[in-house]
Amino acid sequence: MRILFTLLLLLQLNFGFGQEKFDVSAVAKFQKELNAEYADAKTSPLIAEDLAVFKTLDFYPANETFFVIAKLVRTQKEKPFEMETSTDRKPLYVKYGELYFTINGRDFELNVYKNIELSKKKEYKDYLFLPFSDLTSGAESYIGGKYIDLRIPRGDTIVIDFNTSYNPYCAYNYKYSCPKVPLENDLDVEIKAGVKKFHD
């Protein structure tokens with residue numbers, strides 16, 4: 001019985017640590033699921049002409065450099081604010097915290113946010129929104145920056161896998177209303193990871 005308990009404990013520990021290690025197969029799964037979403041007329045943001053010829057999104061190769069474990073510093077007493085979007089819509093967000101991480105020996109910081117309305121839904125109560133732009137924005141990647149979906153961690157660290165960053169729907173179709181990346185989330189580095197821009 002003790003051996004069985006030890007084995008189960010080891011499995012749980014390995015699983016826990018495994019979530020904080022770079023996994024190429026997880027990136028491949030993300031890419032496959034995103035392509036499937038965009039290829040399906042029911043879920044695709046693509047306009048009809050693009051959907052008719054759609055094969056795949058253009059991704060950067062999976063790169064462990066852009067898989068980072070960030071320190072999360074929770075901000076206190078933040079007031080909700082209206083986030084600017086590509087239209088007149090101004091959804092309410094609140095700054096949840098600051099993320100501190102290192103890429104190639106350089107230190108960076110990003111703010112992470114919580115959508116007030118979305119967080120009222122049970123399935124999104126622990127959802128965090130991480131918008132960012134970088135030195136590839138407007139060149140190899142979408143000029144408006146990209147997004148990453150995160151979940152509130154149990155501790156004070158959180159994995160940011162830029163390989164799973166994706167474009168706002170506005171990159172494909174102007175009918176959508178997309179949050180604009182706040183100026184403080186513009187990174188002075190090339191993040192060659194995730195989805196590239198759709199059109200030249």
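1. Of the 200 residues of the protein, 40% count as buried. The structure under review is a predicted model, and every value below was computed from it. Among contacts between residues at least 6 apart in sequence, 64% join residues at least 24 apart.

2. On overall dimensions, the C-alpha atoms of the protein fill a box of roughly 60 × 45 × 40 Å, taken along the principal axes. The radius of gyration is 18 Å, which agrees with the value near 16 Å that a compact globule of 200 residues would have.

3. The secondary structure consists of 3 helices and 7 strands. Read from the N terminus, the order of the elements is α-α-α-β-β-β-β-β-β-β.

4. The largest nonpolar core has 23 residues, and the members that touch the most other members are Leu99, Phe101, Ile160, Phe162, Leu187 and Ile191. At least two residues of this core come from each of strand S1 (67-74), strand S3 (92-103), strand S4 (106-115), strand S5 (127-132), strand S6 (146-151) and strand S7 (157-161). S3 gives the most, with 4 residues. Apart from this core lies another, of 19 residues, among them Tyr38, Leu46, Leu57 and Phe129.

5. Phe132 is found in strand S5. Is this residue buried or exposed? Phe132 is buried, because its relative accessible area is 0%, against a limit of under 20% for burial. Phe132 and Phe108 are 24 residues apart along the chain, and their C-alpha atoms are separated by 12 Å.

6. The largest pocket has a volume of about 1700 Å³. Its lining comprises 46 residues, of which Ile148, Asp149, Leu150, Arg151 and Thr164 lie nearest the centre of the pocket. Helix H1 (2-18), helix H2 (24-39), S5, S6 and S7 are the elements that give two or more residues to this lining. H2 supplies the largest share, 8 residues. By class, the lining has 26 nonpolar, 9 polar and 11 charged residues.

7. Most residues other than glycine have a negative phi. Lys77, by contrast, has a positive phi near 55° without being a glycine. Lys77 is placed in the loop between S1 and strand S2 (81-82). Lys77 counts as exposed because its relative accessible area is 84%, where exposure requires over 50%.

8. Asn104 likewise is not a glycine and has a positive phi, of about 50°. Where does Asn104 lie? Asn104 lies in the loop between S3 and S4. Asn104 is exposed, with a relative accessible area of 65%.

9. Asp23 lies in the loop between H1 and H2. With a relative accessible area of 36%, Asp23 is partly exposed, since that value falls between the limits of 20% and 50%. Asp23 and Asn115 are 92 residues apart in sequence, and the distance between them in space is 28 Å, C-alpha to C-alpha.

How values were computed:
Residues are numbered from 1 along each chain as its sequence is written. This is a predicted model: local features need pLDDT of at least 70, side-chain atom pairs count only at pLDDT 80 or more; totals for chains, interfaces and linings use all residues. Side-chain values use heavy atoms; hydrogens and water are left out. A nonpolar core is a set of buried Ala, Val, Leu, Ile, Met, Phe, Trp, Tyr and Cys residues joined through side-chain atoms within 4.5 Å. Buried means under 20% relative accessible area, exposed over 50%, partly exposed in between (1.4 Å probe, protein chains only). On a 1 Å grid over the protein atoms alone, a cavity is a set of points where a 1.4 Å probe fits but cannot get out, and a pocket is an open set with protein on both sides within 12 Å along at least five of seven lines; lining residues have an atom within 4 Å of a point. Grid points are joined across faces, edges and corners, and a volume is the space filled by probe spheres set on the points. Ala, Val, Leu, Ile, Met, Phe, Trp, Tyr, Cys and Pro count as nonpolar, Asp, Glu, Lys and Arg as charged, and the others, Gly among them, as polar. The radius of gyration is taken over C-alpha atoms; the globule rule is 2.2 Å times the number of residues to the power 0.38. Contact means heavy atoms within 4.5 Å.
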